[in-house]
Amino acid sequence: MSSNVGLTTPRGSGTSGYVQRNLSNLRPRDNSFSPYPTDSLKHRQRQPNAEILEHDRLRQIEVQVFELRDKLEDEEVEEDEIEAQTEALRRKLLGSTDGDSGRGDGKGKKGLKVHQVHELAKAKIEESERLRRALGIREDYEEGAHWKRGEERLRDGIPEASNDDGGRGLKKERW
């Protein structure tokens, strides 16, 4: 036994006491190479699928139409009258939501369920856009761009500001 590795004595262990190197152990590399580009590490807003949003909107309309049809059938209204009223409701709902932002019920993000991923994504994008406009942030704003410019200046050897103090970091006094 050497270098205090392994068992002090192999007796009673059911092994020969032979110590082998673990070849499956992965050592961390010194260079921090990542197979993924650094752009993929940034947060990107999930884009909603327009087809799914449209399908859900049409489905909600059909649910309302079916509820009206069921109510009218319970009241024993004639079939021609039921068809006319359901078609009128369908046209009204389709016409009223075409110009809308697609939200239809106006509930916003709070009225959505967890499984409504695309609706939540759309509501989040609208919320972010309202916040961006309220704070006056430009559309082409990139997070961290100020620090990137500072790093580029340091890399190129351009001083960030000229103080005329010979690089000593002294502040000028103003009177």
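**Helices H1 and H3 in a predicted model**

In this predicted model, the buried residues of H3 pack against H1.

Reader: How many helices and how many strands are there in the protein?

Author: From the N terminus on, the elements run α-α-α-α. The protein therefore holds, by the DSSP runs that define these elements, 4 helices and 0 strands.

Reader: Which residues of H3 are buried?

Author: Helix H3 covers residues 117-135, and its buried residues pack against H1. A residue counts as buried under 20% relative accessible area. In H3 the residues that qualify are Glu119, Ala121, Ala123 and Arg132.

Reader: Are H1 and H3 roughly parallel or roughly perpendicular to each other?

Author: The axes of H1 (residues 50-74) and H3 (residues 117-135) come within 9 Å. They cross at roughly 110°, and angles of 65 to 115 degrees count as roughly perpendicular. H1 and H3 are therefore roughly perpendicular.

Reader: How do the residues of the contact of H1 with H3 divide into nonpolar, polar and charged?

Author: On the H1 side the contact involves Ile52, Leu53 and Asp56. On the H3 side these residues meet His118, Glu119 and Lys122. The residues of this contact divide into 2 nonpolar, 1 polar and 3 charged.

Reader: What span should the 25 residues of H1 have?

Author: The calculation takes 1.5 Å a residue, applied to one less than the number of residues.

Reader: How far does H3 reach from its first C-alpha to its last?

Author: H3 has 19 residues, for which 27 Å is expected at 1.5 Å a residue. The reach in the model is close to that value, at 27 Å.

Reader: Which residues of H1 are buried?

Author: An α-helix has 3.6 residues a turn, so residues three or four places apart point the same way. For the protein as a whole, 12% of the 175 residues count as buried. Within H1, the buried residues are Leu53, Arg57, Ile61, Val65, Leu68, Arg69 and Leu72.

Reader: With the side chain of which residue does the side chain of Arg57 make a polar contact?

Author: Arg57 lies in helix H1. At 13% relative accessibility, Arg57 counts as buried. Its side chain makes a polar contact, at 2.6 Å, with the side chain of Glu54.

Reader: Which residues does Arg69 touch, not counting residues up to four places away in sequence?

Author: Arg69 is placed in helix H1. With a relative accessible area of 18%, Arg69 is buried. Beyond four places away in sequence, Arg69 touches Glu79, Ile82, Glu83 and Thr86.

Reader: At the start of H1, the backbone nitrogen of which residue does a side-chain oxygen of Asn49 reach?

Author: The helix concerned, H1, comprises residues 50-74. At its start, a side-chain oxygen of Asn49 comes to within 3.0 Å of the backbone nitrogen of Glu51.

Reader: Does Glu76 count as buried or exposed?

Author: Exposed means over 50% relative accessible area. The relative accessibility of Glu76 is 72%, so Glu76 counts as exposed.

Reader: Which residue takes a positive phi just after H3?

Author: H3 covers residues 117-135. Just after H3, a positive phi of about 75° is taken by Gly136.

Note on methods: Residues are numbered from 1 along each chain as its sequence is written. This is a predicted model: local features need pLDDT of at least 70, side-chain atom pairs count only at pLDDT 80 or more; totals for chains, interfaces and linings use all residues. Side-chain values use heavy atoms; hydrogens and water are left out. Axes are lines fitted to C-alpha atoms, for helices over the stretch in contact, and angles run from 0 to 180 degrees between N-to-C directions. Helices (H or I, at least four residues) and strands (E, at least two) are DSSP runs, numbered from the N terminus. Angles under 35 degrees count as roughly parallel, over 145 as roughly antiparallel, 65 to 115 as roughly perpendicular and the rest as oblique. Contact means heavy atoms within 4.5 Å. Ala, Val, Leu, Ile, Met, Phe, Trp, Tyr, Cys and Pro count as nonpolar, Asp, Glu, Lys and Arg as charged, and the others, Gly among them, as polar. Buried means under 20% relative accessible area, exposed over 50%, partly exposed in between (1.4 Å probe, protein chains only). A polar contact is a pair of N or O atoms within 3.5 Å; within protein, one must be able to donate a hydrogen and the other to accept it, and residues adjacent in sequence count only if both atoms are side-chain atoms.
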